[in-house]
Amino acid sequence: YHTVKDAISDLESIKATFDVAEDAGVALPVCSEKLSELALNLRDSNVLFNHTVTETRSTALHRFAAIKQGENFHSLDVSMKEDTYTDPSRTQNTIYLRLQYDEPSGTVLNVRKSMWIHPKLDRAISVREAARLQSFPDSFVFIGTKDAQYQQVGNAVPPMLAKAIAEKLAKLLDNDTERTE
């Protein structure tokens, strides 16, 4: 399996933008570390688009800093949950989820609404990072508002999953055709 680190660690040093209007693309730097097979496959462009994040208020940034990899909103001290939700105990486990570098990603939904946190940086994951977790290559550019881009990523079938299903289906159909002939 592939880990979160396999998918996004090479983007860690690239500054994310807050505004899609400022997303003119940034040159992908040559990586000094050995890239994973997944990262090599996803890095099919020299220019990176959609590395845009939600601007986070100070209260949320304070919470982000308190959450360790694999933890979420429920891991916070009670004092840090006040004035957030009507009943904080009823929030989903994906809210303020700090991803774990050495584990596979969970199912990618609209991560902006869940406020998924980067494994090492105290910020939300970018549209591009979410897209990488879904196995979208860097050459695939999302358009629209930031919310629309996050939603497109969350609604998508991961391209690598679609390819695996199509290959298996093609093989089954080939075998079935051979039997009927």
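A salt bridge, as I use the term here, is a side-chain nitrogen of Lys or Arg within 4 Å of a carboxyl oxygen of Asp or Glu. Please keep in mind that what we are looking at is a predicted model.

With that definition, the side chains of Asp10 and Arg132 form a salt bridge, with an N to O distance of 2.8 Å. Because Asp10 sits in the loop between H1 and S1 while Arg132 belongs to helix H5, this pair ties together parts that are 122 residues apart in sequence. Both partners are buried, Asp10 with a relative accessible area of 3% and Arg132 with 1%. Asp10 also meets Arg43 in a salt bridge, at 2.5 Å from N to O, and Arg43, at 18% relative accessibility, counts as buried because the cut-off is under 20%.

Elsewhere, Arg98 pairs with Asp122, the closest N and O atoms being 2.6 Å apart; here Arg98 is buried at 4%, whereas Asp122 is partly exposed at 39%. Through shared partners, salt bridges join Asp10, Arg43, Arg132 and Asp138 into one network, and the whole structure has six salt bridges.

Let me turn to the nonpolar side. The largest nonpolar core has 22 residues, and among those with the most contacts inside it are Trp116, Leu133 and Val153. Helices H1, H2, H5 and H6 each supply at least two residues of this core, with the largest share, four residues, coming from H5. Leaving aside neighbours within four places in sequence, Val153 is in contact with residues including Val108, Ala130 and Phe142.

Notes. Residues are numbered from 1 along each chain as its sequence is written. This is a predicted model: local features need pLDDT of at least 70, side-chain atom pairs count only at pLDDT 80 or more; totals for chains, interfaces and linings use all residues. Side-chain values use heavy atoms; hydrogens and water are left out. A nonpolar core is a set of buried Ala, Val, Leu, Ile, Met, Phe, Trp, Tyr and Cys residues joined through side-chain atoms within 4.5 Å. Buried means under 20% relative accessible area, exposed over 50%, partly exposed in between (1.4 Å probe, protein chains only). Contact means heavy atoms within 4.5 Å.
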